[in-house]
Amino acid sequence: MDVLTYHIQGEMPWCVLFADNIVLIDESRTSVNEMLEVWRQALESKGFKLSRTKTEYLECKFSTEPRKVGVEVRLESQVIPSSGKFKYLGSVIQREGEIDEDVTHRIGVG
């Protein structure tokens, strides 16, 4: 997959490809929408398809700047649902920055 997408991958860790997951990180929804569209076009031009039912996003607010109202994360015309948590590489990242679920998950695995 890296061979097909090396030209659109950003600097780490802003754009991460791992197995069948793509993680796009940016400071605004508008920028995430732009990156998502680039990835969609690149992958679909090679015969791949992004799942419209499994794609979701997690927004973590680390800045004090107000976010733009009315900007939705979209895959083409479909609005992408927001998630309160994101499981990736054995970790659980939560929207509010809490670690409870990650700790519980790691204890359960052990």
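1. What does the accessible surface of the chain come to, and what percentage of that surface belongs to carbon and sulfur atoms? The total is about 8,200 Å², and carbon and sulfur atoms account for 55% of that area. Please keep in mind that you are looking at a predicted model.

2. On the overall layout: the chain contains three helices and six strands. Read from the N terminus, the elements follow the order α-β-β-α-β-β-β-β-α. Of the 110 residues in the chain, 25% are buried. Among contacts between residues at least 6 apart in sequence, 48% join residues at least 24 apart.

3. The largest nonpolar core has twelve residues, including Ile-8, Leu-24, Trp-39, Tyr-57, Val-73 and Ile-80. Helix α2, residues 29-45, gives the most to this core, contributing five residues. Val-32 is also one of the core residues; setting aside residues up to four places away in sequence, Val-32 touches Leu-24, Asp-26 and Val-73.

4. With 17 residues at 1.5 Å a residue, α2 should span 24 Å, and the model agrees because its end C-alpha atoms are 24 Å apart. The buried residues of α2 are Arg-29, Val-32, Asn-33, Leu-36, Trp-39, Arg-40, Ala-42 and Leu-43. Just after the helix, Gly-47 takes a positive phi of about 95°.

5. Is Asn-33 buried or exposed? Its relative accessible area is 18%, which is under the 20% cut-off, so Asn-33 counts as buried. This residue lies in helix α2, and a polar atom of its side chain sits 2.8 Å from the backbone oxygen of Glu-72. Beyond its neighbours within four places in sequence, Asn-33 is in contact with Val-71, Glu-72, Val-73 and Arg-74.

6. Finally, which residues does Leu-50 touch, not counting those up to four places away in sequence? They are Ile-22, Leu-36, Arg-40, Leu-43, Glu-44 and Leu-75. Leu-50 is found in the loop between α2 and β3, the latter being residues 74-75. Leu-50 counts as buried because its relative accessibility is 15%, and it belongs to the largest nonpolar core. Leu-36 is 14 residues from Leu-50 along the chain, and their C-alpha atoms are separated by 9.9 Å.

Technical notes:
Residues numbered from 1 in each chain as written. Predicted model: local features only at pLDDT ≥ 70, side-chain atom pairs only at ≥ 80, totals over all residues. Heavy atoms only, no water. Core = buried A, V, L, I, M, F, W, Y, C linked by side-chain atoms within 4.5 Å. Buried < 20%, exposed > 50% of the residue type's maximum accessible area, 1.4 Å probe, protein only. Helix = DSSP H or I, 4+ residues; strand = E, 2+ residues; numbered from the N terminus. Contact = heavy atoms within 4.5 Å. Polar contact = N/O pair within 3.5 Å; in protein donor to acceptor, adjacent residues only side chain to side chain. Expected span 1.5 Å × (residues − 1). Areas by Shrake-Rupley, 256 points an atom, 1.4 Å probe, with all protein chains shown as cover.
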